[in-house]
Amino acid sequence: MAQYAILIYDTPAAGDYTPDQQAASKRHADDLIDSGAMIAAYALHSADTATSLRGDVVTDGPFIDSKEVIAGVCVIEAPDLDAALELARRNPAVQWGRGGVEVRPVAGGIAPIVR
């Protein structure tokens with residue numbers, strides 16, 4: 001099966017997720033785990049904790065200044081893009097009106113090295 005990265009976008013000005021939004025996100029993650037599609041998922045700290053590198057220059061903050069930022073990333077397995085889009089469409093962030101998701105095929109990866 002192919003792997004797809006789902007980039008989850010959010011609008012920082014909207015504030016923290018409500019308890020209901022947090023519960024909906026957890027239910028969605030649990031559904032992906034239960035279906036066997038979930039490979040990995042990570043929530044990110046807010047964009048103001050980012051540090052960006054451009055050549056030899058290190059700056060505080062995200063790489064670009066935008067109204068939406070990446071709030072998390074999830075990697076799933078799906079038979080094709082249509083199936084990946086269907087799984088991504090169920091992400092509550094799509095319905096909240098404060099962000100959305102982007103789906104990209106994974107081109108390759110490096111397995112973790114056990115040390």
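Trainee: pLDDT is the predictor's confidence in each residue, from 0 to 100. Which element of this chain has the lowest mean pLDDT, and which the highest?

Mentor: Strand 4 (residues 57-60) has the lowest, at 86, and helix 2 has the highest, at 96. Helices here are DSSP runs of H or I with at least four residues, strands are runs of E with at least two, and both are numbered from the N terminus. This is a predicted model, where local features need pLDDT of at least 70 and side-chain atom pairs count only at pLDDT 80 or more, while totals for chains, interfaces and linings use all residues. Residues are numbered from 1 along each chain as its sequence is written, and side-chain values use heavy atoms, with hydrogens and water left out.

Trainee: What does the chain average?

Mentor: A pLDDT of 90, and 100% of the residues score at least 70.

Trainee: How many helices and strands are there?

Mentor: 3 helices and 6 strands. Along the sequence they run β-α-β-β-β-β-α-α-β.

Trainee: OK, the inside. Which residues have the most contacts within the largest nonpolar core?

Mentor: Tyr4, Ile6, Leu32, Cys74, Ile76, Ala84 and Val103, in a core of 14 residues. Strand 1 (2-10), strand 5 (69-78) and helix 2 (81-89) each put at least two residues into this core. A nonpolar core means buried Ala, Val, Leu, Ile, Met, Phe, Trp, Tyr and Cys residues joined through side-chain atoms within 4.5 Å. Buried is under 20% relative accessible area, exposed is over 50%, and partly exposed is in between (1.4 Å probe, protein chains only).

Trainee: And what does Val103 touch?

Mentor: Skipping neighbours within four places in sequence, Val103 contacts Tyr4, Ala5, Ile6, Leu81, Ala84, Leu85 and Ala88. Contact is heavy atoms within 4.5 Å.

Trainee: Switching to charges. How many salt bridges does the structure hold?

Mentor: 5. Each is a side-chain nitrogen of Lys or Arg within 4 Å of a carboxyl oxygen of Asp or Glu. One of them pairs Asp10 with Arg98, with the closest N and O atoms 2.6 Å apart. Asp10 is in strand 1 and Arg98 is in the loop between helix 3 (92-95) and strand 6 (99-105), so this pair ties together parts 88 residues apart in sequence.

Trainee: Are those two buried or exposed?

Mentor: Buried, both Asp10 and Arg98.

Trainee: What does Glu86 pair with?

Mentor: Arg89, at 3.1 Å between the closest N and O atoms. Both sit in helix 2, 3 residues apart, about one turn of the helix. Glu86 also meets Arg90 in a salt bridge (3.6 Å, N to O). Through shared partners, Glu86, Arg89 and Arg90 form one network.

Trainee: Why does Glu86 count as partly exposed?

Mentor: Because its relative accessibility is 33%. Arg89 is partly exposed too, at 47%.

Trainee: Where's Tyr42?

Mentor: In strand 2 (residues 38-43). Tyr42 counts as exposed because its relative accessibility is 55%.

Trainee: And where's Ile64?

Mentor: In the loop between strand 4 and strand 5. Ile64 is exposed, at 56% relative accessible area, and its C-alpha is 29 Å from that of Glu77, 13 residues apart along the chain.
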